[in-house]
Amino acid sequence: MAFCSGNPAVDRYIAEGYETVRGMSSAFAATICGHIIRRQTELGIKGHIAEVGTFEGRFFIAMALGLAEGERALGIDTFDWPNAGLYDRFIGHCDRLGLARERYVALKASTRNLSPADIAKALGGQKSAPQASEEKVRFWHIDGDHARDSLTVDLDLAHATMHHQGVLCLDDMLHPGYPLLVVAVHEWLEHHPDMRVLAIIDREDIVAAAKFVLCRADAVALYEQDLMATFKAQHWTLGSEWERYFCVVLTPRPRLAVVD
Ligand SMILES: C[S@@+](CC[C@H](N)C(=O)[O-])C[C@H]1O[C@@H](n2cnc3c(N)ncnc32)[C@H](O)[C@@H]1O
């Protein structure tokens, strides 16, 4: 199988539009995440997608184009860096690349000031009751402020609003510029034993760094074998050791060190 998400709209965007939107996520990761979103739809996992740190929309558009009927995308950003023109550039990219305005909402805010109720309201006033899982967020991309305490705030917000079979995708893990982010993830996981790392999507380069994909331990089976089989040519078979378990590693050029 060719390396693609399997969703024609997502794959067309990644091939033709992705590099025209400034951003810091890799096409490699966008393709794998597009596949995960498509698989969720096939499994009957319904819900929205959301991103902290939307910037100009590079990764956001890839996720949003993978939505099913009736689902919406939420982009959260302070939209003030590097200048006030960011919001208009984001809207312009969405228009130009075929993301209809009724499919998404942009929230100009810091996650430090948002509650789970704010997320539900922004997505259309949905209830946050546990039984309303189809009205929750099935795919979160967390790529906002890269301070350790900010990541903890974002993880708590995303966890409170995620679909019970959904995933949290964290950007810039193991990035040399942000070495303590993984400490925040480790500490957060210690307090959330129901959650674990499902997969690591390796970096393309220093501005398109690795992502961790987290989900509930009881949802791992929905994704794990499928990722290894679908992306066999990208699967680094030694896996990632988390002491109590191993998780999938996908990398653009898998190889093992020569030892003889
Ligand atoms: C690395 S950029 C995101 C890149 C984008 N996700 C991509 O893949 O191309 C980080 C973004 O996070 C935003 N940001 C930083 N702190 C934030 C916060 N507390 N709440 C919301 N957005 C924040 C910044 O304004 C910036 O646009």
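A pocket here is an open set of points on a 1 Å grid over the protein atoms alone, where a 1.4 Å probe fits, with protein on both sides within 12 Å along at least five of seven lines; lining residues have an atom within 4 Å of a point. This is a predicted model, with local features needing pLDDT of at least 70, side-chain atom pairs counting only at pLDDT 80 or more, and totals for chains, interfaces and linings using all residues. Residues are numbered from 1 along each chain as its sequence is written, and side-chain values use heavy atoms, leaving out hydrogens and water.

Q: Which residues line the second largest pocket?
A: This pocket holds about 230 Å³ of space, a volume being the space filled by probe spheres set on grid points joined across faces, edges and corners. Its lining is made of His 186, Leu 189, Glu 190, Pro 193, Met 195, Arg 196, Ala 217, Trp 242, Glu 243, Arg 244 and Tyr 245.

Q: Which element gives the largest share of the lining of the second largest pocket?
A: Helices (H or I, at least four residues) and strands (E, at least two) are DSSP runs, numbered from the N terminus. Helix H7 (181–191) and strand E6 (195–201) each give two or more residues. The largest share, three residues, comes from H7.

Q: Is helix H2 largely enclosed or open, and how many of its residues are buried?
A: Buried means under 20% relative accessible area. H2 is largely enclosed by the rest of the structure, because the buried count among its 16 residues is 13.

Q: What is the volume of the largest pocket?
A: Residues closest to its centre include Asp 77 and Asp 143. The volume of the largest pocket is about 640 Å³.

Terms used: Buried means under 20% relative accessible area, exposed over 50%, partly exposed in between (1.4 Å probe, protein chains only).
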